[in-house]
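Subject: Structure handover and notes

Dear colleague,

Here is the structure for you to look through, with my notes on it below. Please keep it open beside the text as you read.

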Amino acid sequence: MATKQRPYPSTKQSDTLDDMSPANDGFPESAASLRHQLMLVQDAVSDCPYIDGEPARMPLYYPTPPRRSEDTDTLLAAGFRRSSQFVYHTNCPQCSACQPTRLRAADFTLTKSLRRVLKKAERELTWRWQTPRVDADRVRLYNDHRNVRGLAHDGDISASDYETFLIATCWPTLELEIRHQDHLVGVSIMDIGRESISAVYTHFDPIASKFSLGTFAVLQQIQWAKDNGRTWVYLGLYVAANPHLNYKSRFVPQERLIDGQWRACLE
């Protein structure tokens, strides 16, 4: 199943909702204390980027100052995601397939297959955490990644698009740069809260697929969380029917936000 990923949540309104009052907009109750800091930018039904043929509703907000790291934790725990300088949550009219996913860094256990990914990387790759940046290599990597996976429905993005999507941010953000024989083969963007980190987006060179760079990036995010005293690692949305999102079940034990409650999921 193809995933129609966009650089950032679409503001195209295909079916504007009639009742946008606070009592009916599905705003997560656990983040109610921060509602006054979030300016609603758009709230409409559009095509789902994760499941073909389904309508989606993802209210998009612009966070206004003050911005504190504990607010990042609160929003992540309420199921929010960041895209560019905005945050959003899912509130779809007839579907609950998207489940925010997290794990407790201290409880994470490496399986044999995950150990093999790390050992191969340690033999052949170099990597480092740094401030996110944009250049021709990163833009090429991003476009190649999307094209090979059939995700580039809107064509290649420019350096400006890349900066808007991955460099512009409303939260503290780091970039994991991964190289093979000094060639850039992977980039992973991660947000940071006081008690949490959040995986934003990973893209990598298709010819380096033997390194399982998506999995490797998650393992490095978990390790960063452990090394830097963070409790929670948020992996984004889990969608069982989407092959680009259901890989997250490999990382256990994990929890998923279902009906407003975080529930343990072993697979």
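I begin with helix α1 (residues 69-77), which supplies the largest share of the lining of the largest cavity, namely 3 residues. Helices (H or I, at least four residues) and strands (E, at least two) are taken as DSSP runs and numbered from the N terminus. The model is a predicted one, in which local features need pLDDT of at least 70 and side-chain atom pairs count only at pLDDT 80 or more, while totals for chains, interfaces and linings use all residues. Residues are numbered from 1 along each chain as its sequence is written, and side-chain values use heavy atoms, with hydrogens and water left out.

To return to the cavity, its space comes to about 90 Å³, and the residues that line it include Leu34, Leu38, Arg67, Arg68, Asp71 and Trp171. The structure holds 2 cavities of 30 Å³ or more. A cavity here is a set of points, on a 1 Å grid over the protein atoms alone, where a 1.4 Å probe fits but cannot get out; a pocket is an open set with protein on both sides within 12 Å along at least five of seven lines, and lining residues have an atom within 4 Å of a point. Grid points are joined across faces, edges and corners, and a volume is the space filled by probe spheres set on the points.

The second largest pocket holds about 550 Å³ of space and is lined by 23 residues, of which Thr90, Leu257, Ile258, Asp259 and Gly260 lie nearest its centre. Two or more residues of that lining come from each of β8, β14 (254-258) and β15 (261-265).

Strand β8 (residues 99-104) also contains Thr101, which is buried at a relative accessible area of 0% (buried means under 20%, exposed over 50% and partly exposed in between, with a 1.4 Å probe and protein chains only). Its side chain reaches the backbone oxygen of Gln99 at 3.0 Å, and, neighbours within four places in sequence aside, the contacts of Thr101 include Val233, Leu235, Arg256 and Trp262, contact meaning heavy atoms within 4.5 Å.

The largest nonpolar core has 29 residues, and Leu213, Val233 and Phe251 touch the most other members; such a core is a set of buried Ala, Val, Leu, Ile, Met, Phe, Trp, Tyr and Cys residues joined through side-chain atoms within 4.5 Å. Helix α5 gives the most to this core, with 8 residues. Apart from that core lies another, of 14 residues, among them Leu38, Val87, Cys170 and Trp171.

Helix α5 itself is mostly covered, with 12 of its 15 residues buried, including Leu213, Phe216, Ile222 and Trp224. From its first C-alpha to its last, α5 reaches 20 Å, close to the 21 Å expected at 1.5 Å a residue, the expected span being 1.5 Å times one less than the number of residues.

Finally, some backbone details deserve a look. A cis peptide bond, with omega about -5°, joins Val252 and Pro253, and Pro253 lies in the loop between β13 and β14. Gln181 has a positive phi of about 50° although it is not a glycine, and at 63% relative accessibility Gln181 counts as exposed. Ser212, in the loop between β12 and α5, has a positive phi near 50° and is partly exposed at 29% relative accessibility.

With best wishes

Key:
A polar contact is a pair of N or O atoms within 3.5 Å; within protein, one must be able to donate a hydrogen and the other to accept it, and residues adjacent in sequence count only if both atoms are side-chain atoms.
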